[in-house]
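Dear colleague,

I am passing on the structure below, and my notes on it follow. Please read them with the model open beside you.

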Amino acid sequence: MIPLRIAAVLIAALATPLAAQAQDRKAAPEDAYVYIGWPNDGEVVGGRFKIWFGTRLFGVAPAGVAHPEAGHHHLLVDTDLPPLDEPIPNDPNHLHFGGGQTETYLELPPGRHTLQLLIGDENHVPHDPPVMSRRITITVR
Amino acid sequence: MKIRALTTAALLSLVPAALVAQEPARKPAPEGARVYIIWPADGAVIPGGALWVRMGLQGMGVAPAGSAVAGTGHHHLIVDSDLPPLDEPIPNSPNHLHFGAGHTEARLELPPGRHTLQMLLGDENHVPHDPPAMSERITIIVPE
């Protein structure tokens, strides 16, 4: 009985470091193309504006749905790229679209802001190579 | 006893078959969902006839065929055809293009002439939602 319990504790101890390790990244086709359809780089927009996510030669799948050539969008606002070998953070600078959405409305304070799209797999981990857009800069009036 | 058990098993095996043969139930589309062709615009002239159609979806998400996630579906592009019956799976033909991998752009190479385009969302079984989540039908022109 006791050896079994020890074994269970050992297995739990082994599993935890594995979960914390960098995750395997899924392969993405070289020609997968993601872009911000609107607004354009340099655009001046109102406080609340629509942004649509362009994806070509790659598909959209909700978080949790495993598909070899699809993922879901993350919109990076006013931030650099996160580490590409772990799940994309979930915070006001890293917006998740786990429902498979391909557009949204954003409300940002006046000033200059950067926007970039980064696709994550079913576990929010970027592909290899990463499927991402250029980073654009917009100005909110 | 043995024969009776076999008969029951045979009857039970018939039930799922009858259920499958029925028209699939249509999934509800979320209130305010909107499907629209981002590009090209209605009436656009496309020299050469090769284009990428950009498919827009508001208030819903995209999911590959076969994945049942509430509030999602996958795109179908109807080219030069009327709407198919809305209570059965969308046909798969050169006039009914399926984007079962969750793609949101469609590459078309069209001959000269007038062509109509309309988007229709299907659920994981390619059945339109209720009400159907579909775009306006637009006409584009490929010059000679």
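A:L117 is in contact (C-beta atoms, placed from the backbone, within 7 Å) with A:V34, A:I36, A:F53, A:H73, A:H74, A:L75, A:M132 and A:S133, if its neighbours within four places in sequence are left aside. Please keep in mind that this is a predicted model, in which local features need pLDDT of at least 70 and side-chain atom pairs count only at pLDDT 80 or more, while totals for chains, interfaces and linings use all residues. Residues are numbered from 1 along each chain as its sequence is written, and chains are lettered from A and ligands numbered from 1 in the order in which they are written.

A:L117, together with A:V131, has the most contacts inside the largest nonpolar core, which has 43 residues. Such a core is a set of buried Ala, Val, Leu, Ile, Met, Phe, Trp, Tyr and Cys residues joined through C-beta atoms within 7 Å, where buried means that 20 or more other C-beta atoms lie within 10 Å of a residue's own, exposed that 12 or fewer do, and partly exposed in between, with C-beta atoms placed from the backbone. At least two residues of this core come from each of β1 (33-38), β5 (70-77) and β8 (111-120) of chain A, and likewise from each of β1 (34-39), β2 (50-58) and β7 (113-122) of chain B. In soluble globular proteins, nonpolar side chains tend to be buried together.

Of the 141 residues in chain A, 30% are buried, and among its contacts between residues at least 6 apart in sequence, 65% join residues at least 24 apart.

Between the chains, 18 residues of chain A are in contact with 19 residues of chain B. On the chain A side, β3 (48-56) and β4 (59-60) are the elements that give two or more residues, and β3(A) provides the largest share, four residues. That side has six nonpolar, nine polar and three charged residues, counting Ala, Val, Leu, Ile, Met, Phe, Trp, Tyr, Cys and Pro as nonpolar, Asp, Glu, Lys and Arg as charged, and the others, Gly among them, as polar.

**Strands of chain B**

Strand β4 (residues 72-79) of chain B is largely enclosed by the rest of the structure, because six of its eight residues are buried. Strands pair if DSSP finds at least two bridges between them; β4(B) is joined to β7(B) by six bridges in the antiparallel sense, with B:V79 partnered by B:L117. Three bridges join β4(B) to strand β5 (residues 96-98), also running antiparallel, and here B:H76 stands opposite B:H98. With strand β3 (residues 61-62) of chain B, by contrast, β4(B) pairs in the parallel sense over two bridges.

Elsewhere in chain B, three strands form an open antiparallel sheet in the order β1-β2-β6. Because β1 and β6 (105-109) of chain B each have a single partner strand, they stand at the edges, and one side of each is left without a neighbour in the sheet.

**Confidence**

The predictor gives the complex an ipTM of 0.83 and a pTM of 0.84. Chain B has a mean pLDDT (the predictor's confidence in each residue, from 0 to 100) of 89, and 83% of its residues reach 70 or more. Over residues 8-21 of chain B, however, the pLDDT is below 50, and this stretch has zero contacts in the model beyond near neighbours in sequence. Where pLDDT is low, the predicted coordinates should not be read in detail.

With best regards

Notes: Two residues are in contact if their C-beta atoms, placed from the backbone, lie within 7 Å.
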